[in-house]
Amino acid sequence: MSSKIFKCHVLVGGNASGEGLFCRQAFTFDRAVDTRTGVVADARSEIAGASIKGKVLFYREGKGSTAGSSWLVEALRLGNGPGAVVTEYLDLAAVVGSVMGGILYRRSIPVLSGIDAGIFATAKVGAIASVKGDSVKVVLAG
Amino acid sequence: MHLNSAHERLLRGEGGDARQLAMQILAKVGDAVGARSLVPIKSAHVQADYSGLHNSGIELFERFAASDGKFGVPTTVNPASIDMDSWESFGVPAEFTRKQIRLCEAYYRLGGIRCWTCVPYQVCNFPKAGETVAWAEPSSVVFANSIIGCRTNKAMAGLDLASAILGLTPKFGMLLEEERVARVAFVAPPGRFSDLDYRSLGYLIGKIAGSRVPALEGTPKNATSDDLKHLGAAAASAGPLAMIHYVGITDGSNSLEKAAEGEKIERVDVTRSDLEVVQGELNQTEETPDLVALGAPHLSVSELGSLARLLEGRKVKRGIKFCSYTSPQAHEMATRAGIRADIEAAGGTLSQGTDADVSPLKAMGFHVVLTNSALLAETLMADGTVKVRYSSLADIVGEVSA
């Protein structure tokens, strides 16, 4: 088993580890995640049917509605949110969602940007990932 | 992020609980995104729909309202999840309605303008070029940045309220001139544009531009501000963008070179077949619709007038609800002008202060939605609770009426 460490830009600080979910497509929490289960509902998504609950969620960039943050807050309130969010480009929905989750429910999660896009080609679903400060470690198979 | 002494006092609670909470949000978000300072805004646009905000959103709204919070700048609001006048006839569950009404009441206590529309700039808030604002609802944001010449980020739920309360927002992203430079250029295909072509082009731009600010060359000369409203809405639904440089329209972007500030940028020539691919992507089924939803964003009174003319002498087929979504203000004007009566005579309905993309369509009993809104199609496909078809207005009217 080899692992790779990526240096990222910390937006909201914290540590977390769990299975990684990797989505190359633009992502939103708005409607695309069922807040009652954490399951990705959007059938078009590369991670359709997977649960984000407790996972380290990787996607390239955000999209769509400004309700993205409130869907994340609701998932965090219900205990179904991701353990951390790591993106290539800053997603304001994840930032605001984590900040609001922290202020309202003491459930902020680490949010980082600037991950090397290569991760989406190499990492497999279920690869263990951990976030510590500005380091993101991903265990790659083989 | 730097806070001045007045901001620090608010953070310590010297301005009351509501402003303390708002300052906590702005300070934390500002720190996260690397903003240098807080800057004043001229207006705010917030979301208060239960379908988007959930119970945690009610909690936040009611915390602000219960601690005597008041909006510090003129504040408008996006559509609610129900039409306040006719939710019962739509079959919206009562529990859902009660939650929406709690949000409405908290919003009123905070002193918000009761417009309930995703197009505040068409009915009740007319900013001037160069103003900094904090607007939620990405289609408004794209319109504000690209057509009006405002400076606004996509004020995500939570950030929108905090900015509205304090009349301040963190300075980052689209508030910085260097972040507004075009990084990719799209060239529209020549020829006549249908309503659907504008939306499909927007969707394509949003998807391909990704996190780069796009410029668009070749926007048809006869494009109306309504056309560009729908183009921008489609673009923002498909990707993260908050602005499009419409070459020849957007302030300061008389040419592609100006939009890109002289940098050489990638050029994407969009073809008619690219637009057909988008059309295919947003069509999930061939089934007969039980709801035609026109809106997302809200139709203007002139769009309602065109619709009334298109429906003249026709009748919507039985079993299909033909609904146009609009602001309470355009609804009033359409009523006075007889446009509403004409649409209703053809079997259509108007719904005000709500929109299909924030309505509980499945709970209302709908299964297949036919629309010319790429934003609505994209939104409904995200959770798949109803199936979606995407066609031009002319094709829709031809199919569902005779």
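**Edge strands and the A–B contact**

Me: What makes β2(A) and strand β6 (residues 111-113) of chain A a pair?

Reply: Two strands pair if DSSP finds at least two bridges between them. β2(A) and β6(A) pair over 3 bridges, in the antiparallel sense, so they meet that rule. Within this pair, Val12(A) stands opposite Val111(A). Strands here are DSSP runs of E, at least two residues long, and helices are runs of H or I, at least four, numbered from the N terminus.

By the way, this is a predicted model: local features need pLDDT of at least 70 and side-chain atom pairs 80 or more, while totals for chains, interfaces and linings use all residues. Residues are numbered from 1 along each chain as its sequence is written, with chains lettered from A and ligands numbered from 1 in the order written.

Me: Why do β1 (2-7) and β2 of chain A stand at the edges?

Reply: The open, mixed sheet has 8 strands, ordered β1-β8-β7-β3-β4-β5-β6-β2 (chain A). β1(A) and β2(A) each have a single partner strand, so one side of each lacks a neighbour in the sheet.

Me: How do you know which residues belong to the contact between chain A and chain B?

Reply: Residues count as in contact if their C-beta atoms, placed from the backbone, lie within 7 Å. The contact takes 34 residues from chain A and 38 residues from chain B. On the chain A side, the elements giving two or more residues are β2 (9-12), α1 (68-77) and α2 (92-105). α2(A) gives the most, with 8 residues.

Methods:
Two residues are in contact if their C-beta atoms, placed from the backbone, lie within 7 Å.
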